[in-house]
Amino acid sequence: MASTTPDIQRSRRAKSATRPGDRVFSGLSRGSGITLLVIMAAIAVFLTYRAVLAISDDSTNFFTTFEWNPAGDPPVFGIAVLAFGTIVSSIIAMLIAVPVAIGIALFISHYAPRKLAKPLAYVVDLLAAVPSIIYGLWGAIFLVPYLDGLNQWLDQYLGWTYIFDKSSDGVARNMFTVGILLAIMILPIITNVTREVFLQVPRMHEEAALALGATRWEVIRMSVLPFGRSGIISASMLGLGRALGETMAVAVVLSPSFLLSGHLLDPGGGTFAQNIAAKFNEANEYGRDALIASGLVLFVITLLVNGAARMIIARRKEYSGANA
């Protein structure tokens with residue numbers, strides 16, 4: 001009986017392979033995957049070609065220079081400030097958004113009454129659809145003035161930590177404000193994905209924990225969070241990708257400058273996407289090549305982040321399978 005099972009499965013696969021619908025679906029699926037790879041390769045080739053044209057004429061080190069003046073004679077431009085601002089603002093956003101998003105997802109999926117959970121989930125879904133420029137205008141008009149007090153409080157009580165030492169005067173158009181705004185923007189994305197993962201936890205796992213006398217928090221700690229760990233990582237990486245590439249909201253809120261400072265409360269700084277949006281229209285052909293070179297770095301960073309996330313998820317699955 002056992003020997004005939006593989007034969008039956010091969011026979012079924014052979015029959016399905018001869019059906020026109022299966023052949024069409026297989027071809028479309030394969031074509032879609034190949035098309036995606038071709039598009040990614042075309043983008044990488046275009047960015048690399050234009051970046052090489054710009055970097056070959058750069059009179060300084062592209063990775064360590066703190067200035068952006070490709071129209072100068074000789075041209076001088078580098079991504080040190082942009083890389084620092086992009087990474088720091090994204091880290092701030094993730095530190096704020098991920099714990100809050102997990103808490104909201106747990107509340108909607110396991111604590112809130114059904115009459116409250118559905119409207120709350122709808123509101124979170126709606127927030128994810130708000131355009132970036134709306135977040136930017138709200139941040140510039142409402143968030144920046146109200147964060148002045150917080151900046152002063154952090155400077156007064158946590159200024160000894162250096163990063164919260166405000167060494168120059170000015171409104172709160174700084175990397176700390178950008179990080180908070182990005183956290184608000186990526187919060188709905190992480191919450192939505194995490195909530196759906198938590199809702200997929202097998203009901204028997206939770207009921208078994210309850211039957212053993214576990215409290216609701218113990219059920220979440222022993223059943224829900226371990227099951228959803230890979231989903232939380234995926235949701236976090238999705239939010240991180242949004243934070244790394246955010247353009248309009250950062251451009252509206254931030255007061256850009258090419259001064260590299262570890263004081264998060266000082267005005268200034270910049271990000272890759274914000275710099276491209278701010279300087280693209282006024283740049284000449286060579287200046288646009290320089291901006292494309294910075295875009296290539298952001299493209300590589302995004303690929304590395306996604307690749308790292310896939311590796312983490314794969315290792316978590318292997319670890320869970322070995323323990324099972």
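Predicted model: local features only at pLDDT ≥ 70, side-chain atom pairs only at ≥ 80, totals over all residues.
Local features were kept only at pLDDT of at least 70 and side-chain atom pairs only at pLDDT 80 or more, while totals for chains, interfaces and linings use all residues. Residue numbers start from 1 along each chain as its sequence is written, and side-chain values rest on heavy atoms, with hydrogens and water left out.

The protein comes out with 12 helices and 2 strands; these are DSSP runs numbered from the N terminus, with helices being H or I of at least four residues and strands being E of at least two. Along the sequence, the pattern reads α-α-β-β-α-α-α-α-α-α-α-α-α-α. A box of roughly 80 × 50 × 35 Å, taken along the principal axes, is filled by the C-alpha atoms.

Two packed helices are described by the angle between their axes and the distance between the axes. Helix H3 (residues 80-111) packs with helix H8 (residues 216-227) at about 110 degrees, the axes lying 12 Å apart. Here the axes are lines fitted to C-alpha atoms over the stretch in contact, and angles run from 0 to 180 degrees between N-to-C directions. That angle makes H3 roughly perpendicular to H8 (under 35 degrees is roughly parallel, over 145 roughly antiparallel, 65 to 115 roughly perpendicular, and the rest oblique). On the H3 side, Leu-106, His-110 and Tyr-111 meet Arg-216, Trp-217, Ile-220, Val-224 and Leu-225 of H8, contact meaning heavy atoms within 4.5 Å. By class, this contact has 6 nonpolar, 1 polar and 1 charged residues (Ala, Val, Leu, Ile, Met, Phe, Trp, Tyr, Cys and Pro count as nonpolar, Asp, Glu, Lys and Arg as charged, and the others, Gly among them, as polar).

Helix H5 (residues 132-158) gives the most to the patch, with 7 residues.

The whole structure holds 7 salt bridges (a side-chain nitrogen of Lys or Arg within 4 Å of a carboxyl oxygen of Asp or Glu). One of them pairs Asp-125 with Arg-195, closest N and O atoms 3.7 Å apart.

As for the backbone, the Asp-73 to Pro-74 peptide bond is cis, with omega near 5 degrees. Tyr-162 has a positive phi of about 75 degrees although it is not a glycine.
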